[in-house]
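The sequence and structure come first.

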Amino acid sequence: MKPEAIQIIRDEHLAISAVLYSLRYLVKEMRRGAAPNFAVLRAILDYIVSYPDRWHHPKEDKYLFAAVRHRTREADGLIARLEREHALGYPMVEELKKQLVAFQGGDSEARDAFFAAADRYAELEWEHLRTEEDVFLPIAERVLDAEQWAQIAVAFRENDNPLFGIKPREEAEALYQRILKLAPAPIGFGSNA
């Protein structure tokens with residue numbers, strides 16, 4: 001039986017992937033001439049900043065990667081790469097936000113710059129998620145024991161930060177629902193108007 005933590009991580013990856021898909025879908029449609037939906041694009045970038053970059057990746061770094069590092073050196077290079085990719089995410093999203101503001105403001109070059117940056121970010125994240133699931137998690141599954149997996153599951157389940165009163169799972173779900181409400185079909189429930 002797979003450790004609960006693996007399912008939690010995969011579920012979080014699935015939610016992140018859905019948001020990335022929405023971003024890529026909207027960019028593809030805008031390239032074909034669809035009007036930009038700036039509200040959805042902003043909600044997508046807000047989701048990426050508030051959930052994967054602020055909560056998901058730090059927990060992988062602090063709990064999952066640290067536990068594997070403690071048990072084996074065989075994944076050191078892979079962990080270093082995954083941590084570098086985590087660190088790259090936030091500046092890339094900040095650049096995306098700047099490009100989106102310029103695009104919305106009518107900057108003629110910002111539209112294509114935003115599209116290119118969105119494509120780069122989505123590709124980096126998808127490759128990152130695939131590497132974690134296809135390469136890293138099998139190593140973790142092999143080297144970690146049940147007690148370590150239980151500790152990792154607790155860390156991933158516990159998404160309230162009492163120090164700041166933040167409930168990221170609720171915040172992420174609210175942002176995700178906002179994306180669905182604003183986005184046109186087939187990615188959401190909003191109208192194409």
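## Salt bridge rule and basis

A salt bridge is a side-chain nitrogen of Lys or Arg within 4 Å of a carboxyl oxygen of Asp or Glu. By this rule the count comes to 15 salt bridges.

The model is predicted, so local features need pLDDT of at least 70 and side-chain atom pairs count only at pLDDT 80 or more, while totals for chains, interfaces and linings use all residues. Residues are numbered from 1 along each chain as its sequence is written, and side-chain values use heavy atoms, with hydrogens and water left out.

## Overall fold

The chain has six helices and zero strands; helices (H or I, at least four residues) and strands (E, at least two) are DSSP runs, numbered from the N terminus. Of the 193 residues, 47% are buried, where buried means under 20% relative accessible area, exposed over 50%, and partly exposed in between (1.4 Å probe, protein chains only).

Among contacts with a separation of 6 or more, 77% join residues 24 or more positions apart; a contact means heavy atoms within 4.5 Å. The chain exposes about 9,900 Å², and carbon and sulfur atoms supply 56% of that area, by the Shrake-Rupley method with a 1.4 Å probe.

## Helices α2 and α5

The axes of helix α2 (residues 38-71) and helix α5 (residues 146-157) come within 10 Å and cross at roughly 170°. Axes are lines fitted to C-alpha atoms, for helices over the stretch in contact, and angles run from 0 to 180 degrees between N-to-C directions. This makes α2 roughly antiparallel to α5 (angles over 145 degrees).

## Selected salt bridges

R24 and E123 form a salt bridge at 2.6 Å, N to O. R24 lies in helix α1 (residues 4-31) and E123 in helix α4 (residues 110-143), so the pair ties together parts 99 residues apart in sequence. R24 is partly exposed at 25% relative accessibility, and E123 is partly exposed at 38%.

R71 pairs with D145, the closest N and O atoms being 3.7 Å apart. Because R71 lies in helix α2 and D145 in the loop between α4 and α5, this pair links parts 74 residues apart in sequence. Within helix α3 (residues 76-104), E85 and R81 are four residues apart, about one turn of the helix, and their side chains meet at 3.0 Å, N to O. E85 is buried at 10% relative accessibility, whereas R81 is partly exposed at 28%.

Methods: Parallel < 35°, antiparallel > 145°, perpendicular 65-115°, else oblique.
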